[in-house]
Amino acid sequence: MMTMKKPEVRTLASLEEERDPKKQKVMHRTNSWVERKGTAVVIASAVSHQSDKHDKPTHLLLELGGVPVICHVLWQLSLGGLERIVVVIGCFGDQIREQIANIQKQEADTFSGVEIEYVDLGVRYRGGYSASILEARKAVKTDEQFVLVASDHIVNEEILREMVEVDLSREGDDACVLVENDLKGMVGLPQDIVCVQLRPLHGKDRVYAIGPNLPTYGGIDAGVVTCSYAIFEELQKLQGGKSFELSTALEVFASRGSLKLQLTEGRMWFAVETEVEREYVEESLSKHGQTYVLKDGKEVRLVGLPKRIKTSPTDGSEWAEFNVAKWRSAVFTTNTFFDELYKDTTHFIAKLCEERGGAKNVLLVEVGCGTGEALLPLSKFAKYSVGIDFNPNFVSFCNKHVVTPENKDRLTFIQGDAQELDKILETQIPKEWSIDSLVKVIVCVGNTVGIMPEPVKQNVYKQMLSVAGSKGCFVVVFWNGNMFGHAVQHFYYKNPQLCGKFKGDSIDISTCTLTTPSGYRTHWTTPEEARSVFETQIGAKVLNLEEKGKGVLVSGCK
C-alpha cells in the first residue's frame with residue numbers, strides 16, 4: 001500500500017518536456033515517444049466534488065505556481081499524449097479560453113499536435129456537473145470512448161495515458177474509473193467524496209459498488225473516468241430526478257459488472273479545494289491535505305490522499321466485532337501476497353465439485369466466508385452454495401451485495417457458529433433445496449482455521465467431516481508453514497494494519513505461530529502437519545494434499 005506523502009505541486013517550468021512535432025508524438029519522462037491519441041472531455045463549467053450544486057467554478061482560474069488550475073489540467077493531458085481535448089465551459093468561459101490560449105502560445109512545443117475544442121454553455125449556465133457532461137454529447141461520436149476529467153483534478157500523465165489505453169469494447173464494458181486505494185493514508189476528504197467498493201479476489205479490475213454514501217469501501221474516485229457513449233444514455237435517464245449524478249450512472253454500470261477500475265498505484269494526483277469551500281468540508285475532515293498559499297495570499301488545499309477508515313475497538317482480536325471495511329482492506333492487501341494461492345484454491349475446489357456432479361448434484365458450504373470473495377466464483381461449480389460466518393457484519397454485507405437477483409435462488413449466507421454446522425444446515429437452508437439428496441463439499445479456505453482457538457478448531461473439523469458424510473468431502477486450505485519466516489518479514493511486518501505492530505518475541509518459528517500484542521494470532525501449517533491433522537486429529541482419509549507456494553491444500557473424507 002502507498003505510504004503517506006505530500007501531494008506534488010509543479011510549476012509549468014518544472015514540467016518541461018521535449019517533443020518532436022514532425023512525428024506528432026510527445027516525449028514522456030521515460031524518454032520514450034508516445035503516439036498522440038484519444039479524446040479527453042474536461043468539465044470546466046461546474047464544481048466537480050459538489051457534483052450538482054449550481055456553484056460557479058471560481059477555483060479554475062486560481063494560480064498554482066503562477067499558472068491557473070485549468071491550465072495545469074490541460075498541461076497534464078498534453079503530456080499524457082491526448083490528441084483532442086474538449087473543454088466544456090459556462091460562466092468564466094471567456095477567461096478560461098483566454099488563459100488556455102495564453103498557455104498554448106507560451107508552451108507551443110508542449111501543446112503541438114493537440115486539438116482543443118470548446119462546448120460553450122454561456123455565462124448564465126448553472127446546470128451542475130452531470131448536466132455539463134450531457135452537454136458534451138455533441139462533441140463525442142457514438143462509437144467513441146473518451147477520458148472524462150474533472151477540471152480541479154491534476155493527475156500524473158502516465159495515469160492519463162493508461163486511461164486512454166483502456167479498451168472498453170474488448171469485454172463490453174461501459175466505463176473505467178480511476179481509483180485511489182490507499183486506505184491507510186486517506187486525508188482531506190469532503191463528506192460527499194465518491195467511494196468505491198472493490199472485490200479484488202473476484203476481479204482485480206472490477207468496481208463492485210460506487211457512490212458517496214457507501215458504508216464500507218476500499219478506495220475513492222480520483223476524478224478521471226474513461227467512458228463509452230453509454231454514460232450519456234444513462235445520465236439522460238437520470239436527468240430531472242433526485243439522483244442525477246455521475247456516480248449514480250457509474251453505480252448502474254457497477255451493478256451489471258461493466259465498470260472497470262484503474263489504480264493510481266501511488267502516483268501523483270490531487271484536487272484543489274478553495275478557501276470558499278473550506279466551511280463545506282471542514283467538519284468532515286479527519287486531517288487536512290497540504291495547504292498551498294497563492295501569490296495573492298489566498299490559501300487552497302491540495303487533497304489527494306484518502307482518510308483512514310476507523311476499525312473496530314479491539315483491533316480485530318474479537319472476530320465478531322471485526323468490521324467489513326477493515327476486512328476488505330485486509331483482503332486487498334492479502335490478495336497481493338497470496339494471488340497465486342487464491343487461483344490454486346479456486347481450481348482445487350472447482351475440480352472436486354465437478355468430480356462429484358458439480359452444478360447438478362453438489363451443495364458447496366464455506367465455513368468462515370468473510371465477505372464472499374472466495375465463495376462467489378466457486379458457486380457456479382455447485383447446484384447450491386452456502387457461506388457461513390460467525391461475524392454478523394460480514395453476513396449482512398454478503399446478503400446485501402453478493403447475493404443478486406440472478407443467483408439468489410442458489411446462493412445464501414448465514415450467520416452462525418460452525419461448531420453447530422449440522423444444525424445450521426438443517427434449520428436455515430431453504431427446504432426447496434432438498435439438500436439431503438445432494439453431495440456435500442465443505443470448505444474452509446484462506447487459513448481461516450489458523451486463527452481459530454484450538455478447542456473451536458477441533459469442533460469445526462469434526463463438524464465438517466460429519467456433514468460431508470460418506471459421499472462428500474471437505475477441504476482445508478492452510479497457509480504453508482515452510483513459508484512462515486518469509487511471511488512474517490514480507491507480509492505481517494509490512495502490513496501492521498492487519499495484525500497490529502509486533503516485535504521478535506511475538507514470533508515462534510518452531511511452531512510457525514505469530515501472536516501480536518493486539519490479540520491477533522495465526523498459525524501456519526507445514527504439509528507434514530496438515531496430513532497429521534487430517535489422519536490423526538480428525539480421523540479422516542486424505543484424498544489429495546498439494547503444497548502450492550504459500551499454501552497447503554488438503555481434501556479428505558470419512
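Author: We can start with a pair of charges. The model is a predicted one, and in it Glu546 and Lys548 form a salt bridge whose closest N and O atoms are 4.0 Å apart.

Reader: What is the general idea behind such a pair?

Author: Side chains of opposite charge can pair when their charged atoms come close. The cut-off used here is 4 Å between a side-chain nitrogen of Lys or Arg and a carboxyl oxygen of Asp or Glu, so the Glu546 pair counts.

Reader: How many salt bridges does the structure hold?

Author: There are 18 salt bridges in the structure. One of them pairs the side chains of Lys37 and Glu165, with an N to O distance of 3.5 Å. Lys37 belongs to strand 4 (residues 37-44) and Glu165 to helix 5 (residues 157-165), so this pair links distant parts of the chain, 128 residues apart.

Reader: How is the exposure of Lys37 classed?

Author: Lys37 has a relative accessibility of 34% and therefore counts as partly exposed.

Reader: Where do Asp174 and Arg256 lie?

Author: Asp174 is in the loop between helix 5 and strand 11 (175-180), while Arg256 is in the loop between helix 7 (246-255) and strand 15 (259-263). Their salt bridge has its closest N and O atoms 3.0 Å apart, so it ties together parts that are 82 residues apart in sequence. Asp174 is buried, with a relative accessible area of 12%, whereas Arg256 is partly exposed at 47%.

Reader: Which charged residues gather in a patch of negative charge on the surface?

Author: The patch consists of Glu420, Asp422, Glu426 and Asp436. Asp422 sits in helix 13 (residues 421-428) and is partly exposed, with a relative accessible area of 34%. To be in a patch, a residue needs over 30% relative accessible area and no salt bridge, so Asp422 passes on area.

Reader: Next, the backbone. What should I expect of phi?

Author: Most residues other than glycine have a negative phi, and most peptide bonds are trans. In this model, Ser434 has a positive phi of about 50 degrees although it is not a glycine. Ser434 lies in the loop between helix 13 and strand 22 (439-444) and is partly exposed at 43% relative accessibility. Cys512 also has a positive phi, near 55 degrees. The place of Cys512 is the loop between strand 24 (507-508) and strand 25 (513-515), and Cys512 counts as buried at 11% relative accessibility.

Reader: Which residues of helix 5 are buried?

Author: In helix 5 the buried residues are Glu157, Ile159, Leu160, Arg161, Met163 and Val164. At the start of helix 5, a side-chain oxygen of Asn156 comes to within 2.7 Å of the backbone nitrogen of Glu158.

Reader: What joins the side chains of Ser132 and Tyr125?

Author: A polar contact of 3.1 Å joins the two side chains. Ser132 is in helix 4 (residues 129-135) and counts as buried because its relative accessibility is 0%. A second polar contact, of 2.8 Å, is between the side chains of Asp152 and His153. Asp152 occupies the loop between strand 9 (146-150) and strand 10 (153-155), and at 3% relative accessibility Asp152 counts as buried.

Reader: What separation do the C-alpha atoms of Gln262 and Leu178 have?

Author: The two C-alpha atoms are separated by 4.8 Å, with the residues 84 apart along the chain. Gln262 lies in strand 15 and counts as buried at 18% relative accessibility. The cut-off for buried is under 20%, so Gln262 falls within that class.

Technical notes:
Residues numbered from 1 in each chain as written. Predicted model: local features only at pLDDT ≥ 70, side-chain atom pairs only at ≥ 80, totals over all residues. Heavy atoms only, no water. Patch = residues over 30% accessible without salt bridge, like charges linked within 9 Å, V, L, I, M, F, W, Y side chains within 5 Å. Areas by Shrake-Rupley, 256 points an atom, 1.4 Å probe, with all protein chains shown as cover. Lys, Arg positive; Asp, Glu negative; His and termini not counted. Charge placed at Lys NZ, Arg CZ, Asp CG, Glu CD. Helix = DSSP H or I, 4+ residues; strand = E, 2+ residues; numbered from the N terminus. Buried < 20%, exposed > 50% of the residue type's maximum accessible area, 1.4 Å probe, protein only. Polar contact = N/O pair within 3.5 Å; in protein donor to acceptor, adjacent residues only side chain to side chain.
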